[in-house]
Amino acid sequence: MYLLGIETSCDETAAAVLADGNRLLSNVISSQFDVHAKYGGVVPELASREHLRAIVPVVREALEGAGIGYRDLSAIGVTYGPGLIGALLVGLTYAKGLAASLDVPLLGVNHIEGHIHSVVLEQRAVGLDVEFPALALVVSGGHSHMFVAERTAQDAYSYRLLGRTRDDAAGEAYDKVAKLLGFGYPGGPVLDRLAPYGNPRAVRLPVVNMKGNRLDMSFSGLKTAVRRFVNGAGLQDEIERRRTLFHDGRPTVDALRASASKVCLDLVASFQHRAVSELFRRAEEAAELEEVESVIVSGGVAANSALREAFSSLSLPFHFPSLALSTDNAAMIAAAACPRYLRGESDGFDLAAQPSLRLA
Ligand code: KG4
Ligand code: ZN
């Protein structure tokens, strides 16, 4: 059984082939970082155009990598939301066309559910399994959500929302702070690599306590506190100088570190410390309240080294995806589609892209 996964919800065109539900044969990701980098964030129109350019070669490469042809496919899983409408439409329309021409089932996948399944897939690949009910913390550039995930004997999954960000997503906060400090886009990986060079306790940043649902999160106050500190500490000249490093392409992390003052590195370390504490504290509290059996952390921010380190103090089993499956990919989309395919489910060709699709 060969399932093709397709993902085009944001700025990565991705395709993957999953065999028998747990063997990942190929996982191709074409990133648009360089297209969007000079704008400091994803430009939706450019994203659609790049997906259009990449979708056919990326799928072909995934099939070649798996050593199979189009006719070998059993089904196609594709992201239909949430995400950028134009970007989603490219993947979904292509997937419909391919499914129709091959006469195989089409399965629409919620991108957020996909992130959770990257962990389920990798556990199964090594003969293990995630313990359910599980607390699922999905933290990326588009979302910061916490769910309780349950699984039935038929391998069907259900989700209950426990908390979410009220403003910026965690990854969005990383990206905005990096842009503010002149470290380029995307910001998460760079700030993560710079943070160990600063003192995480040097700059006091606000702890966020939410009124109403205590498990909700907020990251925009943190970003504002960073901006205020930048102005107060007179870091503007340094930041302007650093921005010029991007004129000839993306500088190395070493070059960025060399361009940063001690105060700036302390600020980066303090931001990372605060952001990670906000996430870990809520996950720990939710896991206790809900009496779950394990914790899943996924989405782009799950690649963060300090977040991985923080969870090592948890008294429950916890699972992060490998770095390759933390950020957007199509293996997770194939993995989420698989149980539905095995139960004989499929979606019609009238399935519409849903930019604001929710998981729960
Ligand atoms: O899951 P993803 O690839 O795309 C969305 O669904 O949004 O997540 C991308 C986000 C970006 O905001 C990026 O800055 C962040 O994940 N990210 C990180 C790290 N690697 C990626 N944030 C913090 N630390 C990292 N190491
Ligand atoms: Zn994502």
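The structure holds zero disulfides, a disulfide being a pair of cysteine sulfur atoms within 2.5 Å. This is a predicted model, in which local features need pLDDT of at least 70 and side-chain atom pairs count only at pLDDT 80 or more, while totals for chains, interfaces and linings use all residues. Residues are numbered from 1 along each chain as its sequence is written, chains are lettered from A and ligands numbered from 1 in the order in which they are written, and side-chain values use heavy atoms, without hydrogens and water.

Histidine 115 belongs to helix α4 (residues 111–125) and aspartate 328 to the loop between α12 (323–326) and α13 (331–342), so the pair ties together parts 213 residues apart in sequence. Helices (H or I, at least four residues) and strands (E, at least two) are DSSP runs, numbered from the N terminus.

The table lists relative accessible areas; buried means under 20%, exposed over 50%, partly exposed in between (1.4 Å probe, protein chains only).

| Residue | Relative accessible area | Class |
|---|---|---|
| Cysteine 10 | 25% | partly exposed |
| Cysteine 338 | 4% | buried |
| Histidine 115 | 0% | buried |
| Aspartate 328 | 13% | buried |

An open sheet of five strands has the order β3-β2-β1-β4-β5, with mixed pairing. Two strands pair if DSSP finds at least two bridges between them. The edge strands, β3 (23–31) and β5 (106–110), each pair on one side only.
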